[in-house]
There are 2 protein chains.
Amino acid sequence: MEVQLQIKMNEKLFLRDPEQTELGKKIIRHSIQLIYKNGFELFTFKKLAEDIGTTEAGIYRYFENKHRLLIYITAWYWGWLQYQVTFNTNNIKDPAIKLKKVIQLLATTVVDDDKTMHINEDLLHQIIIAEGSKAYLTKHVSEDNKEQLFKPYKDLCAVIAGIILECNPKYKYPRSLASTIIEMAHFQNFFMHNLPSLTDFGKTKDELKVVSFLEDLVFSSIRKK
Amino acid sequence: MEVQLQIKMNEKLFLRDPEQTELGKKIIRHSIQLIYKNGFELFTFKKLAEDIGTTEAGIYRYFENKHRLLIYITAWYWGWLQYQVTFNTNNIKDPAIKLKKVIQLLATTVVDDDKTMHINEDLLHQIIIAEGSKAYLTKHVSEDNKEQLFKPYKDLCAVIAGIILECNPKYKYPRSLASTIIEMAHFQNFFMHNLPSLTDFGKTKDELKVVSFLEDLVFSSIRKK
DNA sequence: TTTTTAATGATAGCAATACTATCTCATAGA
DNA sequence: TCTATGAGATAGTATTGCTATCATTAAAAA
């Protein structure tokens, strides 16, 4: 049996649904490759169009601008990750083990998921690490937020906060701790590879040490005192 | 007695030292105001020149491009903050109290410092919160790092890591915890104001709650077990 | 089968951005 | 008095970000 995974996306993120057409899927696939390769600043719709073999105007039919496209692919990632979390923690009773699973999913290299043909989750993970926060670090974050563009991120954060509360219902900062885990899973990885003296993992560059750090941080905090 | 504070800046950050001339100081002052007002993406040297009453070419004599200018002002901020940390923790023996002071300096509104006439530290603090990470989240971060452009950030991180080790010499992740404190002091503030459901402080928007969260996080982690 | 529509391709154009170059002029030191 | 330096003025160029128009094709509806 072949299962296909579809992440339902907020319609305000695009002008025309890229999942519905061949060109749309190419836009997603190639934009992930190009942003991974050159970074978001040097990424333009012109270059993307050339890469795909279509025209700039063609891309603009799907996305208002490159920032909306970035929000789209980050939102997709958060939606996909929430699915991974739900799937991988299903039937686990011990909330501490669930939380460890979450940390591992956030902080270690993603295995490409065949259920989504046109998206390379590993490249996407790398993009989220380096560019993810640029999706919301803007002057128009509040307007974007009113349009629910960051809902997948906030939903994932709420799920993690829920698991934290399962571990210790009296812990006072479940949401802040959840967003800290998410952000630090990525920032410590970025620092480890690019500004190693900001971490304790510069020599080995081992993702599992980021996991150990986060587990130590999280379980020290939520342990009942 | 009037004391003037000068932060010594890496010469690779600029083409001509902005501290040495009137125009240079205007560039720093007005760029802080403009980036604060419009965000870094909409900030251009053209607009800055018009704001100051000079020409675009005039700005380019001081800074290679707007990204270098962003690194300059963030580097200045980290240098200034390290001075604040050193000054404010001087003569404190108890490392835990030092660490609390550090968290407070990082996470609460900055009082404008008269010792630096042309720089508004409060606006600068707001800029660091919203734009600070864009200084290093680029494809050329490693080259920039080789030129020591992020030294002030890394130095501050090392100072904080030192205090953490004073609290508990056996703690395994002093640097990662230090960079986590720095980043989260800013991100939790940004989230609290712009994406409140990612935090537990959305209703009150009280900076002191960010301080409480960080203190809880840090001291839970480094307490000897 | 014909008609309509939807998606794409091709081309043009325009205002803003990110620079570079050159020339002049004031002025402050040597 | 000469000369280096800082700064204003102007021009120009490639790229970016975005909009508009028109033709073509393929699939869906009539």
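**A walk through a predicted pair of chains on DNA**

Of the 225 residues of chain A, 42% count as buried (20 or more other C-beta atoms, placed from the backbone, lie within 10 Å of the residue's own). What you are looking at is a predicted model, in which local features need pLDDT of at least 70, side-chain atom pairs count only at pLDDT 80 or more, and totals for chains, interfaces and linings use all residues. Residues are numbered from 1 along each chain as its sequence is written, while chains are lettered from A and ligands numbered from 1 in the order in which they are written.

Let's stay with chain A. It has 10 helices and 0 strands (DSSP runs, numbered from the N terminus: H or I of at least four residues for helices, E of at least two for strands). Along its principal axes, the C-alpha trace of chain A spans about 60 × 45 × 40 Å.

Now bring in chain B.

Finally, turn to the DNA. Around DNA strand C there are 15 residues, each with its C-beta atom, placed from the backbone, within 6 Å of the strand. The closest are Leu23(A), Thr54(A), Thr44(B), Ala57(B) and Asn65(B). H3(B) gives the most to this surface, with 3 residues.

Technical notes: Buried ≥ 20, exposed ≤ 12 C-beta atoms within 10 Å, placed from the backbone.
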